[in-house]
Amino acid sequence: MLDVTDKELIRRLHRRQGWSERRIAQELGIARQTVHKYLQEGSDPPRYRLAQPRRKPVLDPVLPLLAQWLDDDEQQPPKQRRTAHRMWRQRQEEHGFQGGDPTIRYAVRQLKATRQPVFIPLAFAPGERAEVDWGTAQVVLGGKIATVHLFCARLRYSGMPFVMAFPHEQQEAFFAGHRWAFDFWGGVPQTVVYDNLATAVRRVLTGHAREEQDAFVSLRMHYCYEAIFCNPASGHEKGAVENLVGTMRRRYLAPMPEVRDLDELNAHLLASCRREGAAARPGGASVAARWGEEQAALYPLPPQPFDCSRRVAVKATRTAEVTFATNRYSVPAAYAHRPLTLKADVTTIRIYKEGALVAAHPRCYGQHQRVSDWRHYVPARARKPGAVPFAAALKHGDLPPSFEQFRQGLCAHLPDGNRAFVQILELALAQPLALVTQAVERALACRAFQVEAVTQLVEQALAPAPVPLPLDPARHPALAVAALTLPPVSLAAYDRLQAGGAA
């Protein structure tokens with residue numbers, strides 16, 4: 001085989017000296033076909049080329065079976081697929097394979113190389129598509145390490161991100177994330193891409209078709225956009241938002257931020273999204289600049305925001321409580337034993353009767369907790385005053401400690417102090433709680449353990465201060481300035497003091 005120098009000499013003789021292929025072959029003592037081949041080839045160094053692949057007598061018979069096993073493993077869970085070593089062992093045990101482990105490893109590596117997926121670069125028009133996904137991160141929340149759930153969304157044309165933290169990934173948080181993302185972007189994209197989330201998908205059908213949850217359909221209809229769902233286990237189909245989850249954790253949540261509550265954390269995340277928007281993209285324009293172009297192509301926001309709460313039909317118990325997510329929330333005693341509607345959003349529980357709001361509570365994320373409002377039980381306590389000292393709503397409610405101290409004073413001075421204390425609670429329902437609290441504390445300081453004392457103090461605080469009227473000289477002539485005569489003042493006594501005499 002000729003080396004690179006010989007090949008260069010052949011080309012030089014032919015192209016510079018004008019020798020024919022025949023003469024070059026005669027002078028150099030090589031075949032004319034070889035000269036012709038080197039003149040026709042490119043500039044790469046000459047290499048040996050196999051006319052046909054070499055036979056592999058040990059490996060060739062097992063290649064079809066290895067390929068079949070790789071196909072079968074595609075249907076298995078990713079962590080329970082056969083390794084190359086396991087295939088070698090199985091081939092040995094079941095088929096008497098005589099080759100070594102490296103032989104099978106080489107074959108499996110070659111077969112997998114031919115199966116690597118090929119991805120197609122995508123381009124989207126302004127406002128055409130957005131992608132949504134969930135992620136998690138750890139933060140120091142209120143002095144304790146907590147895991148928060150990040151609702152992540154990104155517009156595909158501009159790349160403008162939106163990230164918001166929630167305590168969970170339930171339906172109400174999922175819907176609230178959409179509402180705030182659309183408000184932040186200033187419009188709604190034509191399509192949004194999702195995983196097969198249980199909050200959106202009831203059943204996976206063929207291809208990209210899905211049977212959607214009714215509440216999710218209501219969200220889509222409200223904002224008038226189309227949902228596209230990825231194939232199962234195909235997160236790369238929404239790679240832009242998949243990358244956003246990791247980006248936010250690495251750039252803006254490392255090290256763990258220390259925040260008082262989720263509101264402070266979300267303010268930090270929103271500022272981080274704006275910082276991402278200021279970054280330049282390949283091609284020169286920043287994300288914010290492309291976002292400005294994209295906003296004109298987004299669908300306008302509807303006149304009214306979407307109600308993100310989750311609706312649940314409940315029935316109040318005999319203790320005037322309804323249960324949601326293992327926790328019990330009080331309602332006014334008049335609604336005990338009656339069917340009601342509960343609406344739960346991320347922060348608040350609201351309870352309705354035929355569209356009218358009857359109770360509202362902060363949402364509790366503990367387990368088997370009781371959230372009560374003492375106001376709901378005042379009418380019932382009037383009929384059962386003996387239960388007042390043990391009422392959970394009074395012990396764990398928002399009444400100041402001075403009320404319990406005053407109740408104990410009433411019981412010590414009156415034969416039916418608990419019934420009298422119910423009158424104080426009724427007064428707190430009718431008047432501002434802060435005003436009644438001041439009256440109770442004043443009566444407590446004076447040891448005036450009477451309902452009338454507290455009532456009088458409240459009335460005094462509510463009564464307007466008297467305004468003194470100016471005197472009319474026509475009605476009181478004796479007080480006129482001209483009628484007033486003052487006796488002359490004698491300074492003789494002062495003079496005697498100065499002289500040292502007695503006054």
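This is a predicted model: local features need pLDDT of at least 70, side-chain atom pairs count only at pLDDT 80 or more; totals for chains, interfaces and linings use all residues.
**Exercise 1. How are H14 and H15 oriented to each other, and which residues make the contact?**

Let's start with the general idea: two packed helices are described by the angle between their axes and the distance between the axes.

- Step 1: Find the two helices. H14 covers residues 401-413 and H15 covers residues 417-430.
- Step 2: Read off the geometry. The two pack at an angle of about 140 degrees, with their axes 8 Å apart.
- Step 3: Name the orientation. Angles over 145 degrees would count as roughly antiparallel, and 65 to 115 as roughly perpendicular. H14 and H15 are therefore oblique to each other.
- Step 4: Look at the handedness. H14 passes H15 in a right-handed crossing.
- Step 5: List the residues that touch. H14 brings Phe403, Phe406, Arg407, Leu410 and Cys411, while H15 brings Gly417, Asn418, Ala420, Phe421 and Ile424.
- Step 6: Sort the residues of this H14 and H15 contact by type. You get seven nonpolar, two polar and one charged.

**Exercise 2. Which residues of H4 are buried, and where do they fall around the helix axis?**

- Step 1: Go to H4, residues 63-73. Its buried residues are Leu66, Ala67, Trp69, Leu70 and Asp73.
- Step 2: Now look down the axis of H4. The buried residues fall within an arc of 160 degrees, so they line one face of the helix.
- Step 3: See what that face meets. The buried residues of H4 pack against helix H5 (84-95) and helix H6 (101-113).

**Exercise 3. What is the orientation of H7 to H8, and is Gln171 buried or exposed?**

- Step 1: Take H7 (residues 171-185) and H8 (residues 214-223). Their axes come within 11 Å and cross at roughly 10 degrees.
- Step 2: Apply the cut-off. Angles under 35 degrees count as roughly parallel, and that makes H7 roughly parallel to H8.
- Step 3: Pick out the contact. From H7 come Gln171, Phe174, Phe175, His178, Arg179 and Phe182, and they meet Ala215, Phe216, Leu219 and Tyr223 in H8.
- Step 4: Sort the residues of the H7 and H8 contact. They split into seven nonpolar, two polar and one charged.
- Step 5: Zoom in on Gln171, which lies in H7. The relative accessible area of Gln171 is 19%. Buried means under 20%, so Gln171 is buried.
- Step 6: Not counting residues up to four places away in sequence, Gln171 touches Thr199, Ala215, Ser309 and Arg310.

**Exercise 4. Where is Ala280, and what is it in contact with?**

- Step 1: You'll find Ala280 in the loop between helix H10 (262-277) and helix H11 (287-295).
- Step 2: Judge its accessibility. Ala280 has 62% relative accessibility and counts as exposed.
- Step 3: Look for contacts. Leaving aside neighbours within four places in sequence, Ala280 is in contact with Ala285 and Ser286.

**Exercise 5. What is the phi of Thr326, and what is the phi of Arg447?**

- Step 1: Take Thr326. Its phi is positive, about 75 degrees, although Thr326 is not a glycine. Thr326 sits in the loop between strand E10 (321-324) and strand E11 (327-330), and counts as partly exposed at 32% relative accessibility.
- Step 2: Turn to Arg447. Here phi is positive too, at about 55 degrees, and Arg447 is not a glycine either. Arg447 is in the loop between helix H16 (433-446) and helix H17 (451-462), and counts as exposed at 58% relative accessibility.

Key. Residues are numbered from 1 along each chain as its sequence is written. Side-chain values use heavy atoms; hydrogens and water are left out. Axes are lines fitted to C-alpha atoms, for helices over the stretch in contact, and angles run from 0 to 180 degrees between N-to-C directions. Helices (H or I, at least four residues) and strands (E, at least two) are DSSP runs, numbered from the N terminus. A crossing is left-handed if the near helix is turned anticlockwise from the far one by less than a right angle, and right-handed if clockwise. Contact means heavy atoms within 4.5 Å. Ala, Val, Leu, Ile, Met, Phe, Trp, Tyr, Cys and Pro count as nonpolar, Asp, Glu, Lys and Arg as charged, and the others, Gly among them, as polar. Buried means under 20% relative accessible area, exposed over 50%, partly exposed in between (1.4 Å probe, protein chains only). The arc is that of the directions from the helix axis to the C-beta atoms.
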